[in-house]
Amino acid sequence: KRGHVSAGHGRVGKHRKHPSGRGNAGGQHHHRIWFDKYHPGYFGKVGMRHFHFKKNVVHKPTCNVSQLTNMIPETDAASAKVPVVDLTSKGVFKLLGKGFIARPIIVKARFISRIAEKKLKAAGGACVVSA
């Protein structure tokens, strides 16, 4: 507006474009105190490098012993035969030992934990480790 010559930015210091640099400029120079105070450890390296790190190389979906009764096929659920549950076909690779199981079941899986195997055999079932 008229009569407000420097629009609130002062006559002496002047409103210049980027007086201290743009963005994170000067982190190791004129802004070092601020970086060290509010972002300690921002600069530098730590640890070893791992080239071509693949995050999903160990893909091992799990399920517990307590969930096995829900996975029994409906044709086998009513019959007196011991049901066979193939976990690999259901996309589960490892059977873990949480929970308990009352009836005997034959379980096929790639990996079976020690406790899960113990609980299955105690119920009269069996474990088949498949590749």
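Q: Which strands form the open sheet, and in what order?
A: In this predicted model, the order is β2-β4-β6, with parallel pairing. Neighbouring strands are turned by 20° against each other on average, direction ignored.

Q: What makes β2 and β6 edge strands?
A: Each pairs on one side only. The two strands span 84–86 and 126–129, respectively.

Q: How do you know that β4 and β6 pair?
A: Pairing needs at least two bridges between two strands. Four bridges join β4 to β6, so the pair qualifies. In one of them, Ile106 has Ala126 of β6 as its bridge partner.

Q: Why is Ser113 called buried?
A: Buried means under 20% relative accessible area. Ser113 has 16%, so Ser113 is buried.

Q: Where does Ser113 lie, and what does Ser113 touch beyond residues up to four places away in sequence?
A: Ser113 sits in the loop between β5 (111–112) and α4. Its contacts are Lys94, Leu95, Leu96 and Gly97.

Q: Which residues touch the most other members of the largest nonpolar core?
A: They are Leu68, Val85, Leu87, Leu95, Ile101, Ile105 and Val107, out of 17 residues in this core. At least two residues of the core come from each of α2 (68–71), β4 (106–109) and α4 (114–122).

Q: What is Val85 in contact with, leaving aside neighbours within four places in sequence?
A: Val85 contacts Leu68, Met71, Ile72, Ile105, Ile106, Val107 and Lys108. Contact here requires heavy atoms within 4.5 Å.

How values were computed: Residues are numbered from 1 along each chain as its sequence is written. This is a predicted model: local features need pLDDT of at least 70, side-chain atom pairs count only at pLDDT 80 or more; totals for chains, interfaces and linings use all residues. Side-chain values use heavy atoms; hydrogens and water are left out. A nonpolar core is a set of buried Ala, Val, Leu, Ile, Met, Phe, Trp, Tyr and Cys residues joined through side-chain atoms within 4.5 Å. Buried means under 20% relative accessible area, exposed over 50%, partly exposed in between (1.4 Å probe, protein chains only). Axes are lines fitted to C-alpha atoms, for helices over the stretch in contact, and angles run from 0 to 180 degrees between N-to-C directions.
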